[in-house]
Amino acid sequence: TAVATSTVLASFMAGLALGSYIFGRVADNQKRPLRLYGLLELGIGIFALLLPSLLSSLDNVYVFLFRQFGAIFPLISFIRFLLSFTILLLPATLMGGTLPIISRFIANRWNKLGWSIGRLYFVNTLGGAAGTLLAGFALILLLGVRETTYVAAALNIIIAAVALVID
C-alpha cells in the first residue's frame, strides 16, 4: 500500500541520514575503521535474520491495539507507522554508517582521496541499485520474501567476516 511504501521509505531515508551523521562523527576518531565497518555489516546481517520474526510479532500488537481502540483508523494507522518505522530505523541507521566508516578507511590508505571516495560512492550506489533490482525482480519471485531476506543477511554477514579478517 502507499502507507507501507511511505513507511519503508521514510524509515530508510531517516536511518541513512542518522547513520551518516552519527558514524560520520565517529569515523574521524577510529583507529580501525575497517573493524567498525565489519561490525556494522554484521549488525545489518543479524538484524535481517531477526526482521521476519520482529515483523510477525507486530501482528499481536496490532490485534491488541485494535481491541483497545476499535476501528479508529487514523490512530491505528499512526501506531502501525510508528512501530514499523522504529523497527526499520535501526538497520537503516547501521546502513547509513557504513559509507562514512569505509570512506575513512580508504582516506587513510589512498593518496587520491577525491577520486577514491568518488569510486567508492559509485560502487556503493551501483551495488545498492543492483541489489534492489535483483531482489525486487528475481529473488523474491524465485525464493520468496523470507528467503530473499535470508540471502541478504548471509551476504551482509559474509561482507562482515571479510572486513574483520582483513582488519
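1. Let me begin with the surface. L142, L143, V151, L155, I158, V162 and I166 form a nonpolar patch of about 660 Å². Two elements each give two or more residues to this patch: helix 4 (113–143) and helix 5 (145–166). Helix 5 gives the most, with 5 residues, and I158 is found in helix 5. Patches are built from residues with over 30% relative accessible area and no salt bridge; nonpolar side chains (Val, Leu, Ile, Met, Phe, Trp, Tyr) are joined within 5 Å, like charges within 9 Å. Accessible areas come from the Shrake-Rupley method with a 1.4 Å probe, and for residues only the protein chains shown count as cover.

2. A word on provenance. This is a predicted model, in which local features need pLDDT of at least 70 and side-chain atom pairs count only at pLDDT 80 or more, while totals for chains, interfaces and linings use all residues. Residues are numbered from 1 along each chain as its sequence is written, and side-chain values use heavy atoms, with hydrogens and water left out.

3. Now the overall fold. The protein chain has 5 helices and 0 strands, where helices (H or I, at least four residues) and strands (E, at least two) are DSSP runs numbered from the N terminus. Its C-alpha trace spans about 60 × 35 × 25 Å along the principal axes. Of the 167 residues, 31% are buried (under 20% relative accessible area; exposed is over 50%, partly exposed in between, with a 1.4 Å probe and protein chains only). Among contacts with a separation of 6 or more, 75% join residues 24 or more positions apart; contact means heavy atoms within 4.5 Å. The chain exposes about 10600 Å², with 72% supplied by carbon and sulfur atoms.

4. Helix 1 deserves a look. Its 26 residues (2–27) reach 36 Å from first C-alpha to last, close to the 38 Å expected at 1.5 Å a residue; the expected span is 1.5 Å times one less than the number of residues. T7, S11, G15, G19, F23 and A27 are buried in helix 1. An α-helix has 3.6 residues a turn, so residues three or four places apart point the same way. The cover over the buried residues of helix 1 includes helix 2 (33–69) and helix 3.

5. Which residues does T7 touch, not counting those up to four places away in sequence? They are F81, S84 and F85. T7 counts as buried because its relative accessibility is 6%.

6. T93 lies in helix 3 (residues 73–107) and is buried, at 10% relative accessible area. Leaving aside residues up to four places away in sequence, T93 touches G15, L18, G19 and F23. The T93 side chain also reaches the backbone oxygen of L89 at 2.7 Å.

7. Finally, the charges. The count comes to 2 salt bridges, each a side-chain nitrogen of Lys or Arg within 4 Å of a carboxyl oxygen of Asp or Glu. One joins D28 and R104 (2.6 Å, N to O). That pair links distant parts of the chain, 76 residues apart: D28 sits in the loop between helix 1 and helix 2, R104 in helix 3. D28 is exposed at 51% relative accessibility, whereas R104 is partly exposed at 26%.

8. D167 and R32 also meet in a salt bridge (2.4 Å, N to O). Here the partners are 135 residues apart, with D167 in the segment after helix 5 and R32 in the loop between helix 1 and helix 2. D167 is partly exposed at 32% relative accessible area, and R32 is partly exposed at 44%.

Conventions:
A polar contact is a pair of N or O atoms within 3.5 Å; within protein, one must be able to donate a hydrogen and the other to accept it, and residues adjacent in sequence count only if both atoms are side-chain atoms.
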